[in-house]
Amino acid sequence: MKRHIIVGIGEILWDVFPDGPRFGGAPSNFACSTAELAQDTADVFMVSSVGKDDLGQRAFESLQGHGVHATCVQIAEQQTGQVLVELDAVGVASYRFAENAAWDNLTWNDALERRTHDCHAVCFGTLGQRSASSRNVIQDFVRATSEDTFRILDVNLRAPFIDDEVILQSLALANVLKLNDEELSRLARLCRVDGTDVEILRQLAEQFQLQCVALTRGPDGAIILQGDDVSDMAGVPVDVVDTVGAGDAFTAAMTLGLLAGRSSEHINQSAIAAASYVCSQSGATPKFPPSLVGH
């Protein structure tokens with residue numbers, strides 16, 4: 001069986017909860033969840049930057065502990081990224097980000113160039129592009145991948161780092177889009193589309209020539225659209241501990257399903273199951289039970 005090469009590119013940071021720091025960052029969570037779910041069917045790489053500090057060393061250890069290759073993680077003079085996480089009464093997270101972190105200072109190098117040549121899927125977001133340096137590297141990396149590569153934009157809008165121009169640039173580079181219901185409203189206004197959720201997703205797919213569009217709706221489940229193949233599936237009831245990383249697990253399972261050529265229904269079922277499991281655990285990158293691996 002061919003091993004797929006999958007890349008997460010963007011921010012590495014530590015989510016600082018009231019009880020201490022936990023490894024995070026949307027593309028980092030994506031990489032860890034993908035490696036856990038894929039096991040020996042894929043090689044997963046992270047492209048980012050960390051500082052020369054304890055959290056930077058712990059970031060390497062966390063990636064490697066989940067089976068993610070860290071050879072494309074750079075070491076910068078700036079500190080490893082941190083974000084203060086606050087949870088409301090039902091476990092929903094809000095975030096406050098430290099600025100000018102290591103992940104804001106990505107540089108292009110030969111290792112990144114080589115990785116673009118054999119990459120089957122790359123996942124990127126807009127938060128990781130908040131600085132010009134990292135934005136240029138991320139966009140150059142995605143642009144350099146082959147036409148057959150799944151270029152997955154997980155919008156990941158985080159105030160105050162929301163830039164309409166970056167969103168549109170990223171949509172133009174992507175061929176797969178994943179977003180949540182709040183982000184759907186923002187993109188609908190920006191791209192001047194309206195209608196039902198499915199109609200908006202279909203219009204976005206047509207406007208940006210997207211092969212697949214996925215809308216996550218928290219406890220209400222998700223919609224996945226691949227051309228005329230549409231799955232609208234309810235959520236799985238779960239006792240929520242926190243929601244951090246759930247969307248990234250959804251994207252991870254979706255990516256593996258796309259690479260396997262699965263139907264929208266199959267992909268949606270697997271992705272909702274993965275996201276629901278993460279909601280039932282503390283932290284963004286738990287180990288997955290065998291029942292969720294390889295599906």
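Which backbone oxygen does the side chain of Ser131 reach? Keep that in mind as you start the tour. The model on your screen is predicted.

**Stop 1: Ser131**

Select Ser131. Its side chain reaches the backbone oxygen of Asp104, at 2.5 Å. Now look at the surroundings. Ser131 sits in the loop between β8 (121-124) and α4 (132-144). Is Ser131 buried or exposed? Its relative accessible area is 16%, so Ser131 is buried, since the cut-off for buried is under 20%. Ser131 and Asn109 are 22 residues apart in sequence. In space, their C-alpha atoms are 18 Å apart.

**Stop 2: α4 and α5**

Move on to helix α4, residues 132-144. Two packed helices are described by the angle between their axes and the distance between the axes. Here the axes of α4 and α5 come within 10 Å. They cross at roughly 15°. Angles under 35 degrees count as roughly parallel, and α4 and α5 are therefore roughly parallel to each other. The crossing of the two is left-handed.

Which residues make this contact? From α4, select Arg135, Gln139, Val142 and Arg143. From α5, select Val166, Gln169 and Leu173. Color them by type. In this contact of α4 with α5 you will find three nonpolar, two polar and two charged residues.

**Stop 3**

Asn156 counts as buried, because its relative accessibility is 7%. Its side chain has a partner: a polar contact of 3.2 Å joins Asn156 and Arg158 through their side chains.

Most residues other than glycine have a negative phi, and most peptide bonds are trans. In Asn156, phi is near 55°, a positive value in a residue other than glycine.

Stay in this loop and select Pro160, which also lies between β9 and α5. What kind of peptide bond joins Ala159 and Pro160? The bond is cis, with omega about 5°.

**Stop 4: Arg192**

Jump to the loop between α6 (181-191) and α7 (197-208), and pick Arg192. Phi of Arg192 is positive as well, near 60°. Is Arg192 buried or exposed? With 79% relative accessibility, Arg192 counts as exposed. The cut-off for exposed is over 50%.

**Stop 5: α1 and α8**

Finish with another helix pair. Select α1 (residues 26-38) and α8 (residues 246-259). Their axes are 8 Å apart and meet at an angle of about 50°. That makes α1 oblique to α8. In passing α8, α1 makes a right-handed crossing.

Now show the contact residues. On α1 they are Ala26, Asn29, Phe30, Ser33, Thr34, Leu37 and Ala38. On α8 they are Asp248, Ala249, Thr251, Ala252, Ala253, Thr255 and Leu256. How do these residues divide by type? The contact of α1 with α8 has eight nonpolar, five polar and one charged.

Technical notes: Residues are numbered from 1 along each chain as its sequence is written. This is a predicted model: local features need pLDDT of at least 70, side-chain atom pairs count only at pLDDT 80 or more; totals for chains, interfaces and linings use all residues. Side-chain values use heavy atoms; hydrogens and water are left out. Axes are lines fitted to C-alpha atoms, for helices over the stretch in contact, and angles run from 0 to 180 degrees between N-to-C directions. Helices (H or I, at least four residues) and strands (E, at least two) are DSSP runs, numbered from the N terminus. Angles under 35 degrees count as roughly parallel, over 145 as roughly antiparallel, 65 to 115 as roughly perpendicular and the rest as oblique. A crossing is left-handed if the near helix is turned anticlockwise from the far one by less than a right angle, and right-handed if clockwise. Contact means heavy atoms within 4.5 Å. Ala, Val, Leu, Ile, Met, Phe, Trp, Tyr, Cys and Pro count as nonpolar, Asp, Glu, Lys and Arg as charged, and the others, Gly among them, as polar. Buried means under 20% relative accessible area, exposed over 50%, partly exposed in between (1.4 Å probe, protein chains only). A polar contact is a pair of N or O atoms within 3.5 Å; within protein, one must be able to donate a hydrogen and the other to accept it, and residues adjacent in sequence count only if both atoms are side-chain atoms.
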